[in-house]
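Let's walk through this model together, one region at a time. Have the coordinates open as you read.

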Amino acid sequence: MEWTDLPHSDPNYDPDVDTVVRQSTINSLQLCGQRVALSTKEGYLPLVSEQLAFGTCVHEIISQDISHNALQQDMLLNMGEWINEILVTQYEWSLDQIGDPRPFFSEIGVAYRSWVTKVAPFIARDNVVESEQEHYMYLGEGLNGNIWLKGTADLVMKDRLVDWKTSGRDWKQGKADYSIQASLYMPLHKQALKRSLRKFDFWVYDRSKSVWRLHPTSRTIAEINSALHTAYIYGLQIESGHLPATPVPTGFVPKRGWYCSAKWCNAWNICESKFLNDNVDETVVAIRKWK
Ligand code: SF4
């Protein structure tokens, strides 16, 4: 599949035999394939994380602002209701389990108000094409069915894609320039919307400084084709189910990756590939907690 030859008419997606690739799954695979392989097995701990939930809540209030083209005063005044719903439906968690929620509410409010004053003026509402629409793109044949790329851009403008990120600190520009999300969302939206979009703006909310920073990036056609090929190969791997464990990333970094721990790996309790000759205690049991 290439930028200049994207399908205009796709085979229909069949959830029984087809395989879906998301950029977030590729990011997980790049850390450790076994995490993805074990994600549907009994004993895998559903994800819950303060950082992810914070990002989801900030996305939600921004998304409502854009779709109604209005300040979301009601959401700011009634945070308990919609935030609890997000926690319950997306994280199998609830506000009752996070202690005093006021600092969490307050920070979401600060991030949103800062977005309203510092970021929204850059968003020409007349140029908005769509917001938070899910798309599928056919990548090629697999062994059993077809391989699909799936993604949802936060915002599609007439001349660029836009994504909101929340982070403990600001990004380095390289993170935007090497992002496979940007490389894949460009052809995904070209195919879906018939728009040649090769610019991507990452707006990153730096939680340590409570500021939004813009990291614009762009891609060549060769870079986009390379990412499409990579996504297809990852799709074939996912379809096969043969995903190797990589608790140690490379021979040049001869120690366990941070992600291979009871704290950060949801598959820790059921993984048979985590035992290494280092000083980590693999008998520690991982528990779901707000972290
Ligand atoms: S415990 Fe380590 S080796 Fe096992 S899936 Fe998690 S990251 Fe991979």
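The paragraphs below cover the ligand shell, a pair of helices and one further residue.

First, some ground rules. This is a predicted model, in which local features need pLDDT of at least 70, side-chain atom pairs count only at pLDDT 80 or more, and totals for chains, interfaces and linings use all residues. Residues are numbered from 1 along each chain as its sequence is written.

Start at the ligand. There are 14 residues around it, and Cys32, Gln34, Cys260, Cys265 and Cys271 come nearest; a residue belongs here if its C-beta atom, placed from the backbone, lies within 6 Å of the molecule. By class, this shell holds 10 nonpolar, 2 polar and 2 charged residues. Here Ala, Val, Leu, Ile, Met, Phe, Trp, Tyr, Cys and Pro count as nonpolar, Asp, Glu, Lys and Arg as charged, and the others, Gly among them, as polar.

Now turn to helices H3 (residues 50–68) and H5 (residues 79–91), whose axes come within 10 Å and cross at roughly 125°. Helices are DSSP runs (H or I, at least four residues), numbered from the N terminus. Axes are lines fitted to C-alpha atoms over the stretch in contact, with angles from 0 to 180 degrees between N-to-C directions.

Finally, find Val110 in helix H6 (residues 102–118).

Terms used:
Helix = DSSP H or I, 4+ residues; strand = E, 2+ residues; numbered from the N terminus.
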